[in-house]
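I wanted to look up the aromatic side chains in this model. My notes follow the structure.

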Amino acid sequence: EPPATFYGDRKGYWVADPSWPSPYISEQVLYLNSDRAANTLGGNAMASSELEYSGLLSHSFQCGEWGNFGSKGEFPPDQRGADGECLAFTSAPVEEPTVILGNPEVELDLAVDQANALVGVRLCDVAPDGSSVLVSWGLLNLTHRNSHEEPEALEPGKRYQVRVQLRMAGYELAAGHRWRVGISPTYTRHAWPSPQSVQLSLFTGKGCRLLLPRRSPQAGDQTLPAFEPAEISPQLATQMLRHSRRSHTVTHDHVEGWISLEQVNDEGRMCFLDNGLETDHCSKETFRVREGDPLSTSQSIQNKFEFQRGNWRVRIETDSQMTADATHFHLSNHLDAYEGETRVFSKSWNRVIPRHRV
């Protein structure tokens, strides 16, 4: 399917294997190669070449939601912009459809210039027209390279061999399409940036590999019996009193250097006709960062919930903020509760959480 932030219906088919791990899955290896003129994914490793890259803090503003419910704007848009914000390695077009099922993994031979760093990896499907669809992605806090329980600081300049597991995927790459791997020391919406800007050194060749769980086609793959219709209770009768709306906007202030992502999810105002209950909910999320300054990162979320039936009306408003300095995360929250227009409860609280390289 072409890239889109919403799919009313997405093509695909079910497969059924006799066990897991599936006997039909084998590992396909593609090496991340570079001759400095071009970065490629290939079946053989070329001589090692060192690439250096400092990631953009706004990288991942085009990544879509961590977990989505199929609402408009939640899927990742065309990844061409994100592909240009990282070290990207692209394969030759495949000659026949290629299916993966499972967790893709990437092995990397790398070094960084800070004691605390992470690496984000994306796997994309690049169509002949150049459009790029996000297939899977993964993250590794490099201080967790040996253990999540006992993080270890990195030695700047030292080479490490690490493995990054990507999210589970069942995907068919069409004939004529290409795989693309994107690598960056930032993936800011999904992982708060490291305290200092990080320069990543990648040593391409035999130490850098994409491991794909390739599934061989089976005779009955596209002839499985259809699932029975989903069981669902009858929909309640409702009337929209204020229509819902969603927006997802990225802005770049070229004077001050701020890049902001704002999402508004206004579910509108709805009346349940069987009992007259009215519900109203609107949320606004803002994520801001200034390029070159990891400690400028901030996130805020405001929510408003209201319920009404006749003369009875209650409302809750919340405002949550998150920032970080070099050693701690800072969270602040404020809540107001109203009956009618009278505020009947108010509370503010703060938390300071040590980063501890986690």
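These entries cover aromatic pairs, charges over rings and a surface patch.

I am working from a predicted model, where local features need pLDDT of at least 70, side-chain atom pairs count only at pLDDT 80 or more, and totals for chains, interfaces and linings use all residues. Residues are numbered from 1 along each chain as its sequence is written, and side-chain values use heavy atoms, without hydrogens and water.

**Aromatic pairs.** I paired rings of Phe, Tyr and Trp (its six-membered ring) with centres within 6.5 Å; planes under 30 degrees apart are stacked, over 60 edge-to-face, the rest tilted. The count came to seven aromatic pairs. Trp66 and Trp137 form an edge-to-face pair, 5.2 Å centre to centre with 75° between the planes. This pair links distant parts of the chain, 71 residues apart. Trp66 sits in the loop between strand S3 (50–54) and helix H1 (80–83), and Trp137 in strand S8 (residues 132–141). Helices (H or I, at least four residues) and strands (E, at least two) are DSSP runs, numbered from the N terminus.

Is Trp137 buried or exposed? I call Trp137 buried because its relative accessible area is 7%; buried means under 20%, exposed over 50%, partly exposed in between (1.4 Å probe, protein chains only).

I also noted one aromatic cluster of Phe61, Trp192, Phe287 and Phe329.

**Charges over rings.** I required NZ of Lys or CZ of Arg within 6 Å of the ring centre and within 35 degrees of the ring normal. Arg159 lies over the face of Phe203, 3.9 Å from the ring centre. Lys72 lies over the face of Phe6, at 5.9 Å.

**Strand S19.** Trp312 is in strand S19. Trp312 is partly exposed, at 38% relative accessible area.
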